Amino acid sequence: MFGAFRPTNSLSGGLLWKIPWRLSKFQKQRQRKRLRAVDSVVATLDKALTKMSITTRAVERWKEEMPVEQEMVPKDKYSIFDRKEKKYRKSIRKLPKWTRVSQRVNPPGY
Amino acid sequence: MSFFRITLTRSGIGMPKRTQGVLKALGLRHRMATVFYPVTPEVAGQIMRVKELVTVQEVDKALTKEELRAERRPEAGFYLETAAPR
């Protein structure tokens with residue numbers, strides 16, 4: 001049971017990465033901050049363009065399709081849909097480059 | 001005539017080639033680099049491609065490189081601190 005050759009998970013199974021499923025409250029706070037930063041960029045663009053009475057397809061489409069941080073449910077902020085996962089959800093940190101990409105909407109019902 | 005003041009706050013390393021190309025086209029070569037562009041739909045579309053990586057402000061006039069440098073320069077001289085009452 002004890003000693004150098006005890007059968008731990010990593011010794012018997014090789015590589016073992018323990019990545020917590022949930023984000024900590026600080027990680028969640030930073031995630032919300034990043035979401036709001038993107039919202040503020042879009043809001044700045046929108047304000048500047050409407051002042052000159054121009055519309056841009058990219059901005060209009062974003063406003064139409066994407067919820068702002070305050071409108072999102074916590075489930076969508078911190079996890080994403082994945083058809084291969086149990087209960088169809090996995091932590092958002094499994095998304096490659098998750099701190100630098102926008103992933104806001106998931107399939108309805110999941 | 002108003003301008004977008006665009007500062008790259010997150011690096012584009014590891015992002016798709018298209019995203020890195022937009023950063024290059026905007027002239028944002030490294031983090032905290034600041035560029036000014038007039039408010040046009042074209043620039044707005046470019047910013048939308050890299051919106052996660054930049055911070056944007058709308059300003060009335062584009063600053064030159066020297067003015068940007070002067071903005072970061074700390075004030076000359078010194079001031080005396082007084083002891084806080086205990």
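Predicted model: local features only at pLDDT ≥ 70, side-chain atom pairs only at ≥ 80, totals over all residues.
The contact between the chains takes 19 residues from chain A and 19 residues from chain B, two residues being in contact if their C-beta atoms, placed from the backbone, lie within 7 Å. On the side of chain A that touches chain B, α2 and α3 (57-65) each supply at least two residues, and α2(A) gives the largest share, nine residues. Helices (H or I, at least four residues) and strands (E, at least two) are DSSP runs, numbered from the N terminus. The table divides the residues of this side by kind.

| Kind | Members of the kind | Residues on the chain A side |
|---|---|---|
| Nonpolar | Ala, Val, Leu, Ile, Met, Phe, Trp, Tyr, Cys, Pro | 13 residues |
| Polar | the others, Gly among them | three residues |

Residues are numbered from 1 along each chain as its sequence is written, and chains are lettered from A in the order in which they are written.

The largest nonpolar core has 21 residues. α2 (25-51) of chain A gives two or more residues to this core, as do β1 (3-8), α1 (17-26), α2 (41-49) and β3 (54-59) of chain B. Its largest share, six residues, comes from α2(A). Ile47(B), among the core residues with the most contacts inside it, touches Val41(A) and Leu45(A) as well as Phe4(B), Ile6(B), Val54(B) and Val56(B), not counting residues up to four places away in sequence. Such a core is a set of buried Ala, Val, Leu, Ile, Met, Phe, Trp, Tyr and Cys residues joined through C-beta atoms within 7 Å; buried means that 20 or more other C-beta atoms lie within 10 Å of the residue's own.

Key. Buried ≥ 20, exposed ≤ 12 C-beta atoms within 10 Å, placed from the backbone.
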